[in-house]
Each structure stands twice: as C-alpha cells, then as structure tokens.
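Have the structure open and follow along.

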Amino acid sequence: MTVNNTNSGRFSVKFIAQVIKGPLFMLCASFFVMAGAGGLYVFGSYNEAIKSSQGYDQSTLNFVGFAKDLGANFGTPIGLIGEFTPPWLVLLLGSAFNFVGYFMIWLAVTGRISKPHVWQVCIYMAIGAGSVNFANTGVITTCVKNFPESRGTILGLLKGYVGLSGAIMTQLYLAIYGNDSESLILLIAWLPAAISAVFACVIRIMKVGTSTRQPIEPKIIYQFLFASITLALFIMSMIIAQKQIAFSKAAYIGCAALVCFLLIFPVFIAIRKEFLLWKWNMKEKVENTANEVIIEKPQEVEPKESPPSPNSSRNDPNTSCFANIFKKPERGEDHTILQALLSVDMLLLFISSFAGYGTNVTVVDNLGQISKSLGYTGNTARAFVSLVSIWNYFGRVLAGFVSEILLQKYKVPRPLLLTFSHFVTCIGHLLIVFPAPGSVYFASVIIGFSFGVVIPMLYALVSELFGLKYFATLQNCVSIVIPFASYLLNVIVTGFFYDREAKNQLKKSGKEWVKGTELTCIGTECYRLPLTIMACVSFLAGVTSLIFAMRTRQFYKSDLYKKFTQEAPAAETELTASSVRDEEEVINGGGKR
C-alpha cells in the first residue's frame, strides 16, 4: 500500500513537471499573459472618466491618448533589453510598469491624490501602456523563436488574445465592481500585473535539440484556435444579451466565471497531450527493458573545414557594424538592425504601421465620444468598445491562419493582407461619417477586424524579411512611427476639429467655453471631417501595401521555412544520441549492482 502510494506520488510529481516544462503549457501561459496585456485597447471605456474628473477638453484628452500610444509603442529600448536578458525578467519589469502606471491614474481619477497636471497624467498613462512592450518582447519573441515554422499561426493566436483582452476585462470588471468605469482602471492595474508575475518563470526560450523544443502538431494548434473562437463567440453573445436584458450581479458573476473557464481551457488540451506523450514514453520504456539492448558507439568523424564563403566578411566580428549597412543580405537572412531600418521594405512597413494603426486607434480612442455625439448611451458605448475588441481578435487570428494557408498553398504574399485591411478600414470610417441606424455597430466590427489584421502581419513580415537574430528589437522598431501617427491623426486632426465644432455649438447657444471645464460636441458634424481624412489616409496606405506585395512576390514564392525544417533532423539526431547515452548509463549501472 505504501509502495503504491509512493509510486503514484512520484508519477504525479514527474507528470506535473513534464506538463509545466512542456512547450504546450508555455504556450498556454503566453496566451494568459497576452490576454491581460490589452488594457490600452479599452481606453475608450474609461477615458470619459478621465475627461470629466480632470475637466479636460477633447484635445487634451486626445493628448493623453497620444501619451498612451507613445508608451505602448516606444519599445525599441525594451527590445534591446530583451536581446540579453531572460524573458522572465522582461515580464516582471512589465508587471511593475503596468501596476504603477494605471494605479496612479486610478488614484487621480478617484480623487485620492491631489489633481495632477496634464503632463503627470500623460507620464502615468505612458508608463502603464508601456507594459505591453514588455509582454510583446517577453512572450512574442520567445514564441516565434521556439516555433519558427508555425510563426504565422502562433502570432495570430497570441495577438488575438491581446485583441480579446478588452472584452475579457469588461466582463470581469462588471462582475467584480459593477458598472463603474473608474474601477475598470483599477482592474487594469492589478490583474495583468498579477498574471505576468505568476507565469513569468514558465515562459522561456527552448534550445534546439531538447525534448521540449519540438514543432507543435497542426491539430493541437487548431484545437487552441477553436477554444479561443469559442471564448470570443461566448463573449459576443453576452454583449448582445446584456444590451437587450438587464443583468443582475449574480448573472454578471456567472458570465465572468464561464469566461475564465473558457480562457483556461487550452490548459486541459495541453494536459491531455502531455498525458498521451507520457503513456507513449512509458510503453517505450517497457518494450526496451523487455528486449536486449545492443549499443554501438558511432565512429567519431572529424569535422571538415569548409572554405570561407564570399559573404563571410559580413559576419566578421572585427568588421565595423557601419561597414555593412548598405551591403544587405538577401530577404529572409539575418539583417543587422541598421541594415533592416535603412531598407525600402522597412520604409513600406513604416507606412503601413502609420496608417493601419493611426487611423484605427483614432476611432477606438474616440469611440466613447463618437457614440455620445451620435446620441448613444454609456452602455452602448461600452458595447461598441467590446465589439471592437472581439472583432480585433478575429482579425488577428484569421490574419495569422489565413495568411499562413494562402502562403503555403498558393504562395500569396503576406502584404496583400495589409492591402485588404487598409481598404476595408475606409469603409468603416465612412459608415461613421454618413451614419444610419445601426451603422456604428457595423463600423465597430469592420474597424476592429481590420485593426486586428495589421498587427500580426507586421510582426510576421519583420521576422520573415529580416530574420530572427534581432527580432526582439526590430519588432519594436516597426512601432516607432505609431506615436507620431497617433499625435498627428488623433490630437492635431481629430481633437482640433472636434473642439472647433464644440465651441461653435456653444457660441450658437450664446455661451462661452471656460478653460478647465469639459467641452462636448453633439451631432454628426463633430467627427465628419476628421474621419474623412482617416479614410483617405487608409486608401493611400492600401495602395502602398499593394506595391509592397508586388515587390515581395518572388520572395514569397520560395520556401521560407526551409532552414528551419533542416534543423529538425539535426535535433532528432542529438535526441537519439542523448537517449543512447542514457541507455548505456542504465546498463553500466545495472552491471555495477
């Protein structure tokens, strides 16, 4: 009895260790971290609380939004940190940034500290939103390096959970705090920080040739996809139901509990797969012990010296990094940071990033004011934000999976997905410019979906065109232009025209605006001109992305993953050699006994 209990205890400990160390659990932990990393995407749900509590006009509020985008996209230094620090340290730093930034905003909004200056609120917002860079560097870079042959689908899933995080946060805060936008800021402060701190030690880079570094079966990836789609559809159905029916506190708690269950469901998929692997390994051990083991030591082969390649001077450590700036390797090979940044391909990526993010985030950040100007209530505005979040998820996931299928089967260049996204965004903007009954609902869906397509495509393009050596830094470099896009399109263009129309409405009513008081605009004219400009920018970006697709069509006709598939036999050989050494040690140990 005691022996059986001991054996079962050993089995439990070893199996749990196998699950935690396995690649599938690491991927599930990555999903959880990314699901909490989207606090910046619900800015439209709580920015009205900041505006009313601090007495801001729209230009000032949009400037706070610009600080959010500046912090969220100033990730190049964090990428450089990620080049020489482990992922767990990057995630812990992000956890601290998230809590400090958003917690200070919550203290300011609730009046628990003296009213801060605008620049202080901007610093708090930049610090809090900057935590997403730590998540991107710690999680996305690690997963792309661990699963390079599945980068498109993995990127789609990871960024999909970020897109879905806004809707998840909304359901949780309704269950925990009720209908209180100030408490949403508090939830964004502590929950993502706690998730990153808990799972930081699990997320790590797995070395080639180890049992944990193996390609993930497509069947498992699709199971993860179906689990996330089920979560998204459930949340969307709850949003529709909550719009039609008044939910009680208990109903909100029940919805949140189901959301949490669906969120952690991929862990059960991972445990099942690891259990099947455990049973197979045990069966192999039994069969091996039943047969006589004959071990032949392989002959040692001295490596032959290969002749120097014509491009070896590029990799010479004594060569200055500035000497090879304009001697760029072929697409797909590892570029240096300066080689990538000074290429035409990176310039086209900058343009797509500027337009794809700048135009969409302007709508997302102003969604609360857009709905208010068109006569919608606060609950409807939150429904719009949740719809954007859910369809942002669908855009990110489908972009990863569809682009991977189109690439592998039909050799369709990935930049064509960016072209599609930019052109569809134009339609979303025009639905708000010329509103009709229900048009804002459709606009929220379209803008959320097209917004979601952009992010994973940019990351996938960077990893494919410039290699993985400096991916941690280069993926953050693509985001450099986003704060400028936010400032130009959101603050200067949208904020200026909104405030001008609001002041004109006050003058017509015989009133004057007093600085330091809230400035509100009502009517379709508030956002007509700004969103028309956004539609034009998106159209021009679509044309640019089409040119990008034409430039890279020959590159995408080649086998992009050839060098990664060639690593697999080497890894298997190393694993076989390792298992042979283990068997030899077992036999020698048995002889000594």
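**Starting in a helix**

Alanine 193 sits in helix H10; helices here are DSSP runs of H or I with at least four residues, strands are runs of E with at least two, and both are numbered from the N terminus. Before going further, please note that this is a predicted model, in which local features need pLDDT of at least 70, side-chain atom pairs count only at pLDDT 80 or more, and totals for chains, interfaces and linings use all residues. Residues are numbered from 1 along each chain as its sequence is written, and side-chain values use heavy atoms, leaving out hydrogens and water.

Is alanine 193 buried or exposed? Its relative accessible area is 7%, so alanine 193 is buried (buried means under 20% relative accessible area, exposed over 50%, and partly exposed in between, with a 1.4 Å probe and protein chains only). Leaving aside residues up to four places away in sequence, alanine 193 touches Ser95, Asn98 and Phe99, where contact means heavy atoms within 4.5 Å. Now look at how H10 (residues 181–199) meets helix H2 (residues 23–35): their axes come within 9 Å and cross at roughly 160°. Axes are lines fitted to C-alpha atoms, for helices over the stretch in contact, and angles run from 0 to 180 degrees between N-to-C directions. That angle makes H2 roughly antiparallel to H10 (the term covers angles over 145 degrees). The crossing of H2 past H10 is left-handed, meaning that the near helix is turned anticlockwise from the far one by less than a right angle. On the H2 side, Phe25, Ala29, Phe32 and Val33 meet Ile195, Ser196 and Phe199 of H10.

Next, turn to asparagine 490, which lies in helix H20 (residues 481–508). Asparagine 490 counts as buried because its relative accessibility is 0%. Which side chain does the side chain of asparagine 490 make a polar contact with? The partner is the side chain of asparagine 366, at 2.9 Å. A polar contact is a pair of N or O atoms within 3.5 Å; within protein, one must be able to donate a hydrogen and the other to accept it, and residues adjacent in sequence count only if both atoms are side-chain atoms. Asparagine 366 is also among the residues that asparagine 490 touches, together with Asn62, Thr362, Asp365, Ala485 and Gly495, not counting residues up to four places away in sequence.

Finally, step back to the whole protein chain, which has 23 helices and 0 strands. Buried residues make up 52% of its 593 residues. Of the contacts with a separation of 6 or more, 84% are between residues 24 or more positions apart.

Terms used: Parallel < 35°, antiparallel > 145°, perpendicular 65-115°, else oblique.
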